[in-house]
Amino acid sequence: MAQEKHFFQSEAAELLKMMIHSVYSNKEIFLRELISNASDALDKRRIEVLSNDEYGEYEPRIHIMRDKEKRTLTILDNGVGMSRQEIVSYIGTIAKSGTREFLDAAKHDGSKNGFSAGEMLIGQFGVGFYSAFMVADKVELVSRRLGSSEAWRFESSGDGSYTLEEASLPECGAVVKLYLRQQNGEDGEDKEKDYTDEWTLRDIVRKYSDFIAYPIVMNCSKWKDKQETVEDEVINSQKAIWCKAEAEVTEEEYREFYRHLSHDWQEPLTRIAINAEGSVNFRGLLFIPQQAPFDLFMNEKSGGLSLYIKRVFIMNDCKYLIPGYLRFVKGVVDSEDLPLNISREILQEDPRVRVMCRSTLRKLFAALRKMLENEREKYDGFWTAFGKVFKEGVIHDPENAKTLLELSLFHSTHKLAAGWTTLDVYKTRMKPNQEGIYYLVGRDLATLKDSPKLEAFSEKGYEVLLLTDPVDEVIMSHTHEYGETKFIDAGTGQVASEEERKEAEKQMETLAGSFAPLKEKIMGALGDALSDARLSARMKSSPACLVGDGNAMSLQMEQLMRAMGQEVPPAKRILEVNPEHPVIRKLMDLAQAGDARVGEFAEVLYDQALILEGASIADAGRFTRLLAGIMSRALETDPE
Ligand code: ADP
Ligand code: MG
């Protein structure tokens with residue numbers, strides 16, 4: 001069959017160009033990437049073989065073959081391989097969303113946080129294969145898919161196009177052959193390493209890929225009887241890093257292992273080693289990244305840990321080992337006590353797996369608690385990146401809800417600028433007669449901190465949590481309390497003590513008569529939107545605010561549900577007015593006197609209250625006209 005010429009998808013071509021022209025000093029990582037692909041492919045083969053009896057025995061291996069004369073380096077594996085279609089879509093295309101944006105940003109700002117664009121590209125977009133073009137001017141890939149008899153040869157010089165033709169390969173897997181660039185420069189920093197040199201390659205493999213669970217075999221020279229011969233030798237220790245004592249592992253090794261596991265280009269925020277003994281013995285190594293992946297919320301099914309049994313890889317992304325709200329945690333768990341031929345269905349039901357999950361969680365929470373106590377800044381970073389997802393657990397994992405709340409951070413009215421507070425610290429600041437933990441839900445901090453609903457609380461010196469995540473409202477109404485302390489919605493709840501409430505009620509009753517005409521006007525003008533208008537002692541300096549009717553959804557929740565495409569009939573709200581406010585007092589008088597303008601004033605009051613809720617007003621044009629009218633009258637330039 002003839003050779004076909006293909007063009008790289010434009011994003012792919014552009015990434016390639018960046019790779020080739022990268023002045024990236026750390027070019028040796030191309031080998032790490034190719035080995036890591038080989039290791040991934042062997043993992044995949046193992047999974048497919050487990051679920052298909054037709055695939056027979058095989059000896060997993062990764063080979064590195066160097067040829068000094070021809071200046072080629074070949075990396076071979078007998079993993080799952082790729083079909084023709086897979087070569088086109090995995091190598092010729094970059095399917096990840098956000099690639100375009102990233103490319104544009106990288107052009108303007110070559111490096112970020114000390115990482116070169118090259119490193120970020122490889123990490124964030126899984127373009128590890130392309131890193132071969134940093135050292136090679138031609139790359140050839142021959143691959144045969146497990147279960148297929150045909151093989152395909154891909155060849156490219158990184159010039160925007162590649163060729164595909166039929167080839168042959170004795171077994172499934174992939175063979176990647178690099179035609180290395182001429183070494184430039186004589187000595188000094190510019191000089192490229194010789195990637196056919198045995199010791200250079202040994203060093204690179206030891207540095208980045210020592211823990212790879214499959215043997216990496218290389219043709220090495222041996223001296224026997226003063227004669228140089230070539231022999232294959234395994235050049236990685238294959239030691240499972242999670243089985244070693246922490247003191248035996250260098251930071252660099254941990255870093256490389258994390259990289260291999262997560263494809264993250266940054267260092268992890270923290271690492272948690274587990275060595276559990278008890279009804280189930282297992283070891284684990286978990287990492288929390290520094291930053292959330294861009295698809296953390298789009299991809300709610302992602303996550304899970306890698307499961308090993310007796311050092312043998314079983315599966316990636318095992319969801320039974322860690323709940324979904326911790327989907328950002330990366331890591332491995334390895335048990336001696338599970339049978340190697342365990343199936344997915346059994347995994348899900350196995351009580352030992354549940355024990356492992358529970359004790360992994362315990363370890364993780366303990367580590368987080370320690371970070372919260374001793375490394376607050378780091379913890380704030382954790383919370384900024386993952387707090388939103390973490391909090392989902394309060395709803396989905398009732399067994400741990402209390403612990404999760406304990407580890408949660410909140411904004412509050414106490415020293416707003418100073419950042420977050422925990423519930424425990426909030427409780428230490430509670431006033432003696434304070435009935436519970438007050439919270440207010442809103443669109444953003446800026447809107448919340450100006451809310452009229454806070455006025456009575458701040459006057460009493462009560463702290464109020466300011467909640468801006470959609471999930472917060474669900475959490476609060478779901479859990480009701482923290483320890484013995486109730487959560488109270490400051491939007492509907494009352495701040496006053498029993499006595500004060502009675503006092504206020506009495507006062508409102510005495511005012512009821514003079515409020516009646518105003519109430520009639522308000523309901524007349526706004527009856528479609530309001531279920532009631534009433535006097536309230538809630539505010540101190542604002543004239544009016546909107547509150548929910550009993551268990552009604554908040555305005556935010558309503559808007560969120562609509563944004564998610566749900567039909568939510570707008571709940572009618574209550575307009576509360578402050579009889580202490582001069583505007584309200586004046587309006588009560590005007591209404592009593594039958595002044596025709598009162599209806600319009602009521603509309604403006606209502607729209608203002610909406611704005612303070614962070615909600616949008618129904619008819620902005622009318623609002624502006626009404627307001628302009630009021631202003632011009634106030635300025636006594638009313639044309640009428
Ligand atoms: P990533 O490994 O992050 O997905 P790469 O650019 O390194 O990105 O590889 C792209 C894809 O090409 C891989 O996800 C895999 O599907 C396929 N691939 C690469 N190398 C191999 C290989 N040796 N065997 C089988 N498939 C491979
Ligand atoms: Mg890769």
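Cys-243 is partly exposed, with a relative accessible area of 21%. Here buried means under 20% relative accessible area, exposed over 50%, and partly exposed in between (1.4 Å probe, protein chains only). Cys-318, in contrast, is buried, at a relative accessible area of 0%. The model is predicted: local features need pLDDT of at least 70, side-chain atom pairs count only at pLDDT 80 or more, and totals for chains, interfaces and linings use all residues. Residues are numbered from 1 along each chain as its sequence is written, and side-chain values use heavy atoms, without hydrogens and water.

A disulfide is a covalent bond between the sulfur atoms of two cysteines. It was assigned to a pair of cysteine sulfur atoms within 2.5 Å. By this rule the count is zero. For Cys-243, the nearest cysteine sulfur is that of Cys-318, 17 Å away. For Cys-318, the nearest is that of Cys-357, 9.1 Å away.

Five strands form an open sheet in the order S10-S11-S14-S12-S13, with mixed pairing. Strands (E, at least two residues) and helices (H or I, at least four) are DSSP runs, numbered from the N terminus. Two strands pair if DSSP finds at least two bridges between them. Strands S10 (270-276) and S13 (312-318) stand at the edges with a single partner strand each, so one side of each lacks a neighbour in the sheet. The twist averages 15° from one strand to the next. Within this sheet, S11 (residues 282-288) and S14 (residues 330-335) run antiparallel and are joined by six bridges. Arg-283 stands opposite Asp-334 in S14.

Strand S18 (residues 464-467) is covered on both faces. Val-464 and Leu-466 lie on one side, Leu-465 and Leu-467 on the other, and all are buried. In a regular strand the side chains alternate between the two faces of the sheet. S18 runs antiparallel to S15 (residues 410-412), with two bridges. It pairs in the parallel sense with S17 (residues 436-441), over four bridges. Leu-466 in S18 is the bridge partner of His-411, and also of Leu-440.

The axes of helices H18 (residues 582-592) and H19 (residues 598-612) come within 10 Å and cross at roughly 150°. Axes are lines fitted to C-alpha atoms, for helices over the stretch in contact, and angles run from 0 to 180 degrees between N-to-C directions. H18 is therefore roughly antiparallel to H19 (an angle over 145 degrees). In H18, Ile-584, Leu-587, Leu-590 and Ala-591 meet Val-598, Phe-601 and Leu-605 in H19 (contact means heavy atoms within 4.5 Å).

How values were computed: Chains are lettered from A and ligands numbered from 1 in the order in which they are written. Angles under 35 degrees count as roughly parallel, over 145 as roughly antiparallel, 65 to 115 as roughly perpendicular and the rest as oblique.
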